[in-house]
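Biologist: I'd like to go through this one slowly, as I have not looked at it before. Could you bring it up?

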Amino acid sequence: MRLLVILALLWSSVGCVSADELRRFVYERAEMGVPFRITLYAAGEELARAAAEAAFERVEVLNSILSDYENDTELNRLARSSGKGKAVPVSTDLWRVLEASQALAVKTEGAFDVTVAPLVNLWRRTRRQQELPSAELLAEMRRRVGYHQMRLDPATRSIELLTAEMRLDLGAIAKGYAVDEALVVLKARGCPAALVAASGDIAAGDPPPGQAGWRVQIAAMDAPNAPPPVTITLANSAVATSGDTFQFVQIGGVRYSHILDPRTGVGLTERIMVSVVAPYGMLADGLDTAVSVLGAERGLALVESTPGAAARIVQVREGKVEVVESTRWKSE
Ligand code: AMP
Ligand code: MG
């Protein structure tokens, strides 16, 4: 009986903090090459700081698994097994991201494809040297790319890369997974009312106290006559935005995006900015890139057929800016 009373008291002091006792805290740190910002509501600073710290640590661990930039990540170790005729068992985190990536690759018939890394590396070189690659080099890189050359075995959670010199790039989806996982940590630490933002990838937990959701502004496209920013309200869902505002290369008057069409091997030349709302960040992030490659028509069909997903596309066509929204899209 006494134990019950103590438990009840503990519950009232820890679990049932009234909404007006909660304060807003913001923490920011560079992770995965971008500023990661955590906004959360907590009863006190100590709890808030510890929760944010644990979330950042989780993201750091994910980076050591999923990054293609650092040499010794699990992703790059897997890539080095390519063409050696063996399937490599992978961690739960890498499995989840590769499984989602492969599902999207199948659904988009390779418009979204994380085996695109050799072409992305070529694009990075193009950007440094300001010179388009030769046809031979492009053909050589394309030979190493293709989701059909990546085999996933769900029974053993292992991956086989069938062709030598394959590389993987999770830049289109890993940040979405990381913001989801940061939220999971914050929730486990008693801070379910939180928002995690990593440049264009944002995941929202429970709304701020007394509000319907987190208000998130989506920046305007940096094109002449682009429509103004829009605001969406998020709760227990995510938004991801993809575009070539900062990352592009201009050669011979043509602007090439850092998002590549794996079928041609070069960056998209149509200006397009895609925002996707989805139940979780990994899905939103994967879809924003997939829709960018597919274009408005096929991209919207993909979004409409994905439960809980909505999209807004801003694109430049024949010099004019057009906006297209899916049926479930809601913004102010
Ligand atoms: P995001 O900003 O989410 O659209 O991701 C862009 C990043 O995804 C690029 O910087 C590349 O690392 C990678 N990427 C480029 N093209 C593709 C593609 N077609 N499929 C999958 N990943 C891609
Ligand atoms: Mg993406």
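This is a predicted model: local features need pLDDT of at least 70, side-chain atom pairs count only at pLDDT 80 or more; totals for chains, interfaces and linings use all residues.

Biologist: Start with the ligand, then. Which residues come nearest to ligand 1?

Modeller: There are 17 residues around ligand 1, and of these Ala111, Asp169, Ser242, Leu260 and Thr289 come nearest.

Biologist: And what lies 2.5 Å from an oxygen atom of the ligand?

Modeller: That is a polar side-chain atom of serine 242. Aspartate 285 also has a polar side-chain atom facing an oxygen atom of ligand 1, at 3.0 Å, while for glycine 171 a backbone N or O atom lies 3.4 Å from an oxygen atom of the ligand. On its own the ligand has 500 Å² of accessible area, and the protein covers 92% of that.

Biologist: OK, on to helices. How many residues does α5 have, and which of them are buried?

Modeller: Helix α5 runs over residues 117–129, which is 13 residues, and the distance from its first C-alpha to its last is 18 Å, close to the 18 Å expected at 1.5 Å a residue. Its buried residues are Ala117, Pro118, Leu119, Val120, Leu122, Trp123 and Thr126.

Biologist: How many residues of α7 are buried?

Modeller: Helix α7 is mostly covered, with 12 of its 15 residues buried, and among them are Tyr177, Val179, Leu183 and Leu186. The cover includes the strands β2 (34–42), β6 (194–198) and β7 (201–204) as well as the helices α2 (45–66), α4 (92–107) and α8 (281–304). The end C-alpha atoms of α7 are 21 Å apart, which agrees with the 21 Å that its 15 residues should span at 1.5 Å a residue. Just after α7 comes glycine 190, with a positive phi of about 90 degrees.

Biologist: Switching to β5: what order do the strands of its sheet take?

Modeller: The sheet is open and has 3 strands in the order β3-β5-β4, with antiparallel pairing. The edges are β3 (88–89) and β4 (150–153); each has a single partner strand, so one side of each is left without a neighbour in the sheet. Between β3 and β5 there are 2 bridges, and proline 89 stands opposite serine 158 in β5.

Biologist: Is serine 158 buried or exposed?

Modeller: Serine 158 counts as buried, because its relative accessibility is 5% and the cut-off for buried is under 20%. Its side chain makes a polar contact of 2.5 Å with the side chain of threonine 156. Leaving aside neighbours within four places in sequence, the residues in contact with serine 158 include Val88, Pro89, Trp95 and Leu152.

Biologist: Last one, where is glycine 265?

Modeller: Glycine 265 is in the loop between β12 and β13 (272–278), and it is buried, with a relative accessible area of 6%. Beyond its neighbours within four places in sequence, glycine 265 is in contact with Leu119, Leu138 and Leu260. Leu119 is one of the buried residues of α5, and Leu260 is among the residues that come nearest to ligand 1.

Note on methods
Residues are numbered from 1 along each chain as its sequence is written. Chains are lettered from A and ligands numbered from 1 in the order in which they are written. Side-chain values use heavy atoms; hydrogens and water are left out. Helices (H or I, at least four residues) and strands (E, at least two) are DSSP runs, numbered from the N terminus. The expected span of a helix is 1.5 Å times one less than its number of residues. Buried means under 20% relative accessible area, exposed over 50%, partly exposed in between (1.4 Å probe, protein chains only). A residue is near a molecule or strand if one of its heavy atoms lies within 4 Å of it. A polar contact is a pair of N or O atoms within 3.5 Å; within protein, one must be able to donate a hydrogen and the other to accept it, and residues adjacent in sequence count only if both atoms are side-chain atoms. Accessible areas come from the Shrake-Rupley method with a 1.4 Å probe; for residues, only the protein chains shown count as cover. Contact means heavy atoms within 4.5 Å. Two strands pair if DSSP finds at least two bridges between them.
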